[in-house]
Amino acid sequence: MMTQLPALQVVIPLLASLFCAFMKRGTVAWALSLVASWAVLVVSILILQQVLESGPISYAMGGWEPPFGIEYYVDKLNAFVLLLVSGVGAIIMPFAKRSVGTEIHSTRQPYFYTMYLLCLCGLLGIAITGDAFNIFVFLEVSSLATYAMVAMGKDKRALLAAFQYLIIGTIGATFYVIGTGLLYTVTGSLNLVDIAGQLDSVNNTRALVTSLAFLTVGISLKLALFPLHVWLPNAYAYAPSFATVFLAATATKVAIYLLIRFFFSVFGAGLVFQSLPVSEILLILSVVAMFGASIVAIFQEDIKRMLAYSSVAQIGYITLGIALANSNGLSGGIVHIFNHAIMKAAFFLALGAVFYRIGSVHIDHLAGIGRRMPITMMGFVIAGMSIVGVPGTVGFISKWYLAAGAFENGQWWLVFAIMISSLLAVIYVGRVVEVAWFRDPSGATLEARDPPPAMLLPILIFCAASIYFGIDTTLTAGIASQAAELLLGGLR
Amino acid sequence: MSGSDLLLISIFLPLLATLLIPMFDKWQNIREAVTLTAAVLLLVTVVSIFAKFTAGETIETSSFEVLPGLPLAFDVEPLGMLFALVASVLWIVNSLYSIGYMRSHDEPRQTPFYMCFAVALSSTMGIAFASNLFTLFLFYEILTLSTYPLVAHKADEKAINGGRIYLIMLLGTSMLLLLPAIIITAVIAGTLDFAPGGILAGKVDDTVLALLLALYAFGIGKAAVMPVHFWLPAAMVAPTPVSALLHAVAVVKAGVFTVIKVVVYVFGIENLTKTGASDWLVFVAAFSLITASIVALTRDNLKARLAYSTVSQLAYVVLGAALASSAAIVGSGLQIVMHAAGKITLFFCAGAIMVATHKTEISEMVGIGRRMPITMGAFLIGSLSIIGLPPLGGVWSKWWLGVGAIDAGHEWIVAVLMISSLLSAAYLLPIVAWGFLMSPPESKPGDRVEVTEAPLACVVSICITAGLCVMLFFGANWVESKLATMDFGIQSGATALIEGERHGR
């Protein structure tokens with residue numbers, strides 16, 4: 001049983017999604033998804049334990065030995081990502097019942113859960129597999145499921161958003177396949193570890209560089225790196241609340257993992273950062289994202305959309321960490337994958353609860369909502385403090401690492417850039433806080449009150465997590481810095 | 001109970017009150033009783049810490065590493081001990097005053113008001129007892145965030161704008177300047193622990209040292225060194241108890257306290273004297289001191305005038321830190337205590353006048369002394385203490401700052417102190433003079449003016465703090481003796497010098 005854990009990680013949600021599709025009632029499908037999500041979480045905890053105790057796990061799918069068969073390869077980095085994805089999935093499921101119940105027509109609910117489980121399966125698959133083509137398959141599984149989920153949004157514009165995402169996502173996937181194909185032609189292998197081993201003897205650097213370029217652009221489209229982020233605000237804004245929570249907390253994070261994996265484990269930090277100007281390009285794009293997207297966020301009327309732009313900015317922090325390519329910087333980037341996931345989950349859950357009560361998240365309709373839904377909006381405030389990077393919250397931990405990394409690289413101006421961009425976060429969060437607490441409630445808000453415990457609990461869990469992991473960082477920053485050391489091994 | 005338990009209690013006790021207060025939302029009297037009980041218990045805790053501390057016990061908590069090199073830890077040293085004592089004593093008086101003020105003013109949303117107040121006190125304790133820069137910074141930021149709702153409490157356009165300026169200025173300076181300074185310090189010094197003699201000594205060259213000091217001096221926005229003082233007048237839209245305890249005592253004192261801590265335990269005063277890295281700050285502080293007094297003269301709104309007076313009085317503390325002589329640091333420490341007692345009295349009076357007569361502008365307060373003799377009497381006492389006249393506490397801090405300036409070779413500072421005292425007399429005393437000597441415009445000359453004081457709770461609080469100003473004149477020696485035990489990390493010769501000065505006076 002223990003040896004089959006890596007397979008179970010993707011098989012459980014895959015099978016569950018199949019059953020879900022045949023369910024007649026939304027509640028039954030929800031219950032099934034709940035069980036599957038929690039089972040997946042248990043599996044990922046066991047995997048992490050195993051990795052921490054006895055090193056990386058290699059699992060030959062179907063007994064076909066790598067490099068010819070598909071290998072599932074789990075080290076500290078992706079065990080961490082698996083835990084993140086499955087953890088988010090498990091914690092937010094109780095929220096889904098009422099939220100999905102009001103936002104999606106009852107006949108479509110089982111399909112929605114089917115798509116959710118497929119998406120979960122795809123994301124976990126990308127994180128766990130050690131095979132470049134298998135990654136593509138899971139990438140498509142998760143993407144197709146995501147398009148469908150986004151399209152189920154109540155707003156008519158959800159269809160357009162899904163279509164836009166479909167086009168851009170497909171371009172990204174195509175780029176990814178081209179990159180993988182080029183890698184295959186120069187190395188004759190699809191196994192990531194095997195490719196990495198053969199790259200030293202590859203003479204055709206032009207093919208290699210081209211492959212790196214295609215992979216980088218393809219994955220960057222998926223992770224919404226500025227300026228390839230245009231799909232994200234619409235998709236997040238118009239998708240059903242529950243889908244937004246799940247996607248914001250996990251989908252882009254898995255794509256970032258993929259980028260880190262290719263940069264550091266496959267191509268190697270030496271090639272990517274020392275022979276090519278990847279670091280410089282990534283650095284500039286990250287800083288532009290941190291500023292541009294934050295400024296755009298300040299002017300959004302729809303708060304979901306505002307937070308979507310904030311995500312683009314926060315992804316900038318993570319890619320900045322990658323671009324710094326030193327131990328502190330990369331640790332900061334990796335830990336921010338986790339930290340940003342929990343704060344954005346808290347944010348979007350709080351908004352989901354508000355939408356559940358008053359049917360809107362437009363800033364004009366939020367006047368006085370804090371006085372009517374104090375616990376929910378306190379959750380929003382705590383998530384806001386995290387995103388600003390107040391000490392004692394997770395955001396501070398990420399920022400500390402990134403700033404220390406920038407200072408070590410001698411780029412002291414970056415330290416100030418990081419701080420200025422978090423000040424922009426004060427403005428866009430503060431704007432909502434002002435309206436929610438210091439304006440008098442009117443209209444639908446008058447009748448609003450905090451949602452039932454099943455919806456409140458996930459919000460509180462993520463808020464507690466964003467404070468807890470801001471103080472006790474042994475799990476998050478500890479693993480992140482170990483993973484960073486491992487990944488940077490190639491530089492020394 | 002061990003000392004470290006008491007330290008943790010002093011921080012968690014107000015937080016406990018924060019959780020209890022909303023449970024009694026419907027029962028006002030019980031809700032206020034919770035605040036008062038917490039305030040009294042906090043004072044008991046702080047006093048027992050003090051008893052242990054004077055008995056010579058070292059009191060420190062075990063540290064908890066948030067990140068490698070970033071520990072969360074508390075300990076007790078003389079300056080922090082005094083700050084905690086001042087804040088916890090005044091919290092009781094202020095709670096009493098708040099009850100009178102908030103009820104007779106019929107303020108809405110009192111439950112969140114008392115909750116935020118308790119969080120602010122908890123973070124003040126955290127700042128006072130922080131044993132390293134990271135812990136201090138953590139509570140510094142919580143203090144900003146917990147006081148923001150208090151500033152914007154009224155929730156009208158003006159209050160919201162005031163809150164904006166407050167939040168952006170304080171968070172902005174701390175994130176843009178203070179945090180980078182802390183990060184740079186951590187990378188260069190390898191530690192953030194407060195240590196006698198400083199942790200930066202001998203690790204950086206003079207230019208970097210001066211630049212770092214600039215990041216700290218302006219990054220600690222709560223110290224309100226010009227030009228980062230704008231948040232303080234903006235914060236005056238808050239209810240008066242907030243202005244009194246937080247914007248005359250806890251928040252601003254947390255700022256200057258941090259400045260002194262950084263100067264003494266991060267830079268080290270010997271290091272600063274040798275390199276001259278803080279000389280520029282002497283000029284900035286002196287400028288701030290005089291300019292703010294002049295601006296205060298031009299303000300007709302009483303709270304605004306008091307706010308600028310605070311900016312000027314805070315500059316005394318920063319000045320003492322910048323002089324970097326041990327006598328000047330003692331003067332700074334004294335100024336924290338003396339100004340706290342004096343300014344809270346003045347704010348209490350301003351609030352009492354507002355409650356009793358709804359007047360906020362000084363020009364409307366002609367003859368107010370006849371209507372509110374107790375309040376204006378206390379106002380006179382507070383004013384004299386701020387100006388620095390005997391027999392009131394304020395005189396001693398000015399004295400020590402003068403001695404410290406001469407020690408540091410900046411004799412001209414004595415003249416600056418004189419001018420500033422004259423200016424503060426000019427902006428404070430006319431209020432009292434017009435109040436007592438002229439008759440109110442609405443009554444005919446010769447008529448008996450009816451006495452209408454503020455609610456009893458307010459008047460009692462005013463008398464207590466005014467009494468404190470007088471007591472501090474006689475008790476100053478005691479405060480000095482506590483401050484003189486601060487470990488400056490310099491040769492015993494200099495410490496003996498302070499001792500000698502103290503006894504020689």
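**Helices and a loop in a predicted model**

Helices α1 (3-20), α3 (78-104), α4 (110-129) and α18 (456-483) of chain B are among what covers the buried residues of α2(B). Buried means under 20% relative accessible area, exposed over 50%, and partly exposed in between (1.4 Å probe, protein chains only). Helices are DSSP runs (H or I, at least four residues), numbered from the N terminus. This is a predicted model, in which local features need pLDDT of at least 70 and side-chain atom pairs count only at pLDDT 80 or more. Residues are numbered from 1 along each chain, and chains are lettered from A in the order in which they are written.

Start with α2 itself. It spans residues 28-54 of chain B, 27 residues in total. From first C-alpha to last it reaches 39 Å, close to the 39 Å expected. The expected span is 1.5 Å times one less than the number of residues. Its buried residues include B:Val34, B:Ala38, B:Leu42, B:Ile49 and B:Phe53. Just after α2(B), B:Gly56 takes a positive phi of about 90 degrees.

Now turn to chain A. Helix α17 (residues 412-438) also has 27 residues and reaches 38 Å, close to the 39 Å expected. It is largely enclosed by the rest of the structure, because 21 of its 27 residues are buried.

Back in chain B, look at a loop. B:Glu361 lies between α13 (326-357) and α14 (368-371). It counts as partly exposed because its relative accessibility is 24%. B:Glu361 touches B:Asp300 and B:Asn301 (heavy atoms within 4.5 Å), not counting residues up to four places away in sequence. The C-alpha atoms of B:Glu361 and B:Ile269 are separated by 43 Å.

Definitions and conventions. Heavy atoms only, no water. Helix = DSSP H or I, 4+ residues; strand = E, 2+ residues; numbered from the N terminus.
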